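Subject: Structure for your review

Dear colleague,

Please find the structure below, together with its sequence.

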Amino acid sequence: MPVLLRAPGLRRVHAADTEQSERGGADDAMEEGDRRRGFDVVVVGAGIMGSCAAYAAACRGARVLLLERFDLLHHRGSSHGESRTIRATYTQAHYPPMVRLAARLWDGAQRDAGYRVLTPTPHLDMGPRGDAALRAAIENGGAVEFPIADGPWAGVFRLPQGWTAATSSLGGVMKATKAVAMFQALAVKKGAVVRDRTEVVDVTKQGEGLILVKTSSGEEFHGAKCIITVGAWASKLVKSVAGVDLPVQPLHTLICYWKVKAGREGELTTDAGFPTFASYGDPYIYSTPSMEFPGLIKVAMHGGPPCDPDNRDWCTGGADLVGPVARWIDEVMPGHVDTAGGPVIRQSCMYSMTPDEDFVIDFVGGEFGKDVVIGAGFSGHGFKMGPAVGTILAEMAMDGAARTAAEAGLELRHFRIGRFDHLDLRYKSKI
Ligand SMILES: Cc1cc2nc3c(=O)[nH]c(=O)nc-3n(C[C@H](O)[C@H](O)[C@H](O)COP(=O)(O)OP(=O)(O)OC[C@H]3O[C@@H](n4cnc5c(N)ncnc54)[C@H](O)[C@@H]3O)c2cc1C
């Protein structure tokens, strides 16, 4: 049975409650529903994490409101674009169980939606044989080392002396924007209300199980619980709302698509069984097979310069990330990708880095107790985990604990805010 959180007096207060709504039919419908029932969970931020959390909470019977500051599916955050990868090869042993849980939940969501956003592929990790991070990833992800010259991609990769390669079967490419849209549509199908162009500026506790969410336009919403998933804006919002210092540093990064050399286009596609891959060492390079733009392949470098999410350099931000990728391609994939003219497409995106690159999944605490939950700091590797994180956040908000995480053997202590207590909070970029 779903647990319904109905705080006494749960209601939504609209600045224009007594006036005619100027926003048209959708809002009128929302108005009527809200007056009748009120919200159990208000989710702030509609990237992949907020959209998954809204869906998970709605699936558990909660009356959900999902608020987004910009247009839905906008390009100013971290969840937009054509592709993200899923892999179980993680340096830290606590992530593979979360990836496996997420993979099951991706399957379930796609079944509910009736269409696919995830294309399974093999995954390939490569790098210097003695690289400690690579060795741990191979072990934790159950990858199998093999001589690249004897494998299916022998003609594509020429590994430097002393390098090794390993494949694993849990891999794939998610259509990023399509996946976010899918979770929003599924949430709405389960009864959630989704509002964009609605910036949350404050969250306050009015009483036990009664949270007031205020927006920049003066609207106010009540919820029994609140989930904050605002990506690169997490530090700013959590500081102003709760006075908590969250060491989440936004980075401006670049996705680059390169032209595949004439005659080679068919070899690097998902249809041909080409893998997603990661190359360890410095720079750390990642790629998805040629898929979204025929004749182009995404090869990019992990990282980027620190940025202010409200004041980004859209023209030259991340330009330093291009040269190392071109040099890597020329050395490791010679004869397959044309680097001379630079990338054909560059797309800007943001990482939200924590000092240890582990996520933040926790109750905000203090006066909010267990009424406000935060998911942030996904450090450039969170997308694949979206459905798992969304489920964990929803269960923490609604039940005070994440039963699904415990059942899947996930240790949430790695994601607690308290781990930063003894850190020098000035972010030290590793890149
Ligand atoms: C180039 C790139 C490649 C990546 N590749 C991978 C990959 O291959 N695999 C993988 O697993 N992960 C990958 N990631 C990481 C992954 O995309 C992110 O971890 C994930 O998208 C973070 O989602 P989010 O919901 O936390 O943040 P966002 O998508 O930024 O969502 C936060 C939302 O909150 C909204 N918001 C902010 N403030 C407010 C407010 N005050 N009121 C209302 N709304 C607000 C924002 O507008 C935004 O829509 C990659 C990231 C990038 C940038």
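Two strands are said to pair if DSSP finds at least two bridges between them. Strands (E, at least two residues) and helices (H or I, at least four) are DSSP runs, numbered from the N terminus.

Please note that this is a predicted model, in which local features need pLDDT of at least 70 and side-chain atom pairs count only at pLDDT 80 or more, while totals for chains, interfaces and linings use all residues. Residues are numbered from 1 along each chain as its sequence is written.

The chain contains nine helices and 21 strands. Of its 431 residues, 48% count as buried; a residue is buried if 20 or more other C-beta atoms lie within 10 Å of its own, exposed if 12 or fewer, and partly exposed in between, with C-beta atoms placed from the backbone.

Strand E21 (residues 372–376) has five of its five residues buried. Val372, Ile374 and Ala376 point one way from E21, and Val373 and Gly375 point the other way. In a regular strand, side chains alternate between the two faces of the sheet. E21 runs parallel to strand E13 (residues 220–228), to which three bridges join it; within this pairing, valine 373 is the bridge partner of isoleucine 227. With strand E20 (residues 360–363), E21 pairs in the antiparallel sense over four bridges, and isoleucine 374 is the bridge partner of aspartate 362.

The largest nonpolar core has 128 residues, and those with the most contacts inside it are Val42, Val43, Ala57 and Val64. Such a core is a set of buried Ala, Val, Leu, Ile, Met, Phe, Trp, Tyr and Cys residues joined through C-beta atoms within 7 Å. Helix H2 (residues 48–59) provides the largest share of this core, 10 residues. Beyond its neighbours within four places in sequence, valine 43 is in contact (C-beta atoms, placed from the backbone, within 7 Å) with residues including Val64, Leu66 and Ile227.

Yours sincerely

Note on methods
Two residues are in contact if their C-beta atoms, placed from the backbone, lie within 7 Å.
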